[in-house]
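Please keep the sequence and the 3D view open while reading.

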Amino acid sequence: MNLIIIDYGSGNLKSVQNSFLNSINEHNLRCNVQVSNNLSLIINSDYLVLPGVGSFSDCRRGLEKIAGLVDVISEQVIHKKKKFLGICVGMQLMFDYSLEKKKTKGFGWLSGNFNKIKANGLDYLGRNFKIPHMGWNNLKLENKNHPILKNISEKDQYYFVHSYYLSGCEKDNVIASTNYCHKIPAIVGKENYLGVQFHPEKSSLSGQKLISNWLKY
């Protein structure tokens, strides 16, 4: 099996690569991991991972700078049915659009859009909520039978860094959510493509469990 972590100038690529290599080695999986934006390698891959750090519009611009990349990703995921994992902004790009900085189109694989988190009220320590949402949160498991959640409980903690959240998403596509000021979809997906709003590569053992589940399911 060949796994490509897509390099378009955004994302902590080395950390993502190391996390996948750790899971592959721990479970004795036969999978080669490469970081690349080479279209031929992407076309010949089995798994695709799209990380993302920064603003939605900047990430979209980075993808468009590589001729043919957006079309190839969509072809491989939607038509060739390859397994895909979007991380943080990589997850956000799966949807219709984001209002971060300016309205920017996503891939449109799933219905939904991204609006700024509504920082209303106080947290459990009586402090004002801060934006961006940065830190550790547990998940509310909306679809407990989904294979991505195997051996994951609501006690597991995941690391979030984001200011915009998904709204208007179809309920059936939300696998898990979290709460920061209000309900925020945290794991979403359909068929062969999944996205996580948090960073599994920064989420210690809980993140490794999720990566292993994705590789094996």
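**Strand β4 and its neighbours**

Strand β3 (residues 47-50) and β4 pair in the parallel sense, over four bridges. Strands pair here if DSSP finds at least two bridges between them. Helices (H or I, at least four residues) and strands (E, at least two) are DSSP runs, numbered from the N terminus.

The model is predicted: local features need pLDDT of at least 70 and side-chain atom pairs count only at pLDDT 80 or more, while totals for chains, interfaces and linings use all residues. Residues are numbered from 1 along each chain as its sequence is written, and side-chain values use heavy atoms, with hydrogens and water left out.

- Within the pairing of β3 and β4, leucine 50 stands opposite glycine 86 in β4.
- β4 also pairs with strand β14 (residues 193-196), in the parallel sense and over four bridges.
- Leucine 85 has leucine 194 in β14 as its bridge partner.

**Burial of β4**

- Five of the five residues of strand β4 (residues 83-87) are buried; buried means under 20% relative accessible area, exposed over 50%, and partly exposed in between (1.4 Å probe, protein chains only).
- Lys83, Leu85 and Ile87 are buried on one side of β4, and Phe84 and Gly86 are buried on the other.

**Aromatic pairs**

- A pair of aromatic rings is described by the distance of the centres and the angle of the planes.
- Rings of Phe, Tyr and Trp (its six-membered ring) pair if their centres lie within 6.5 Å; planes under 30 degrees apart count as stacked, over 60 as edge-to-face and the rest as tilted.
- Nine aromatic pairs are found in a search of the whole structure.
- Phenylalanine 95 and phenylalanine 114 have ring centres 5.8 Å apart and planes at 75°, so this pair is edge-to-face.
- Phenylalanine 95 is in the loop between α5 (89-92) and β5 (97-98), and phenylalanine 114 is in strand β7 (residues 113-116), 19 residues apart.
- Phenylalanine 95 and phenylalanine 114 are both buried.
- Tryptophan 136 and tyrosine 159 are also edge-to-face, at 5.6 Å centre to centre and 65° between the planes.
- This pair links strand β8 (residues 133-138), which holds tryptophan 136, with strand β10 (residues 157-162), which holds tyrosine 159.
- Tryptophan 136 is partly exposed, with a relative accessible area of 45%.
- One aromatic cluster is formed by Phe84, Phe107, Trp109 and Tyr193.

**Charges over rings**

- A charge sits over a ring if NZ of Lys or CZ of Arg is within 6 Å of the ring centre and within 35 degrees of the ring normal.
- Lysine 83 lies over the face of tryptophan 214, 5.2 Å from the ring centre.
- The charged end of lysine 103 sits over the ring of tyrosine 97, at 4.4 Å from its centre.
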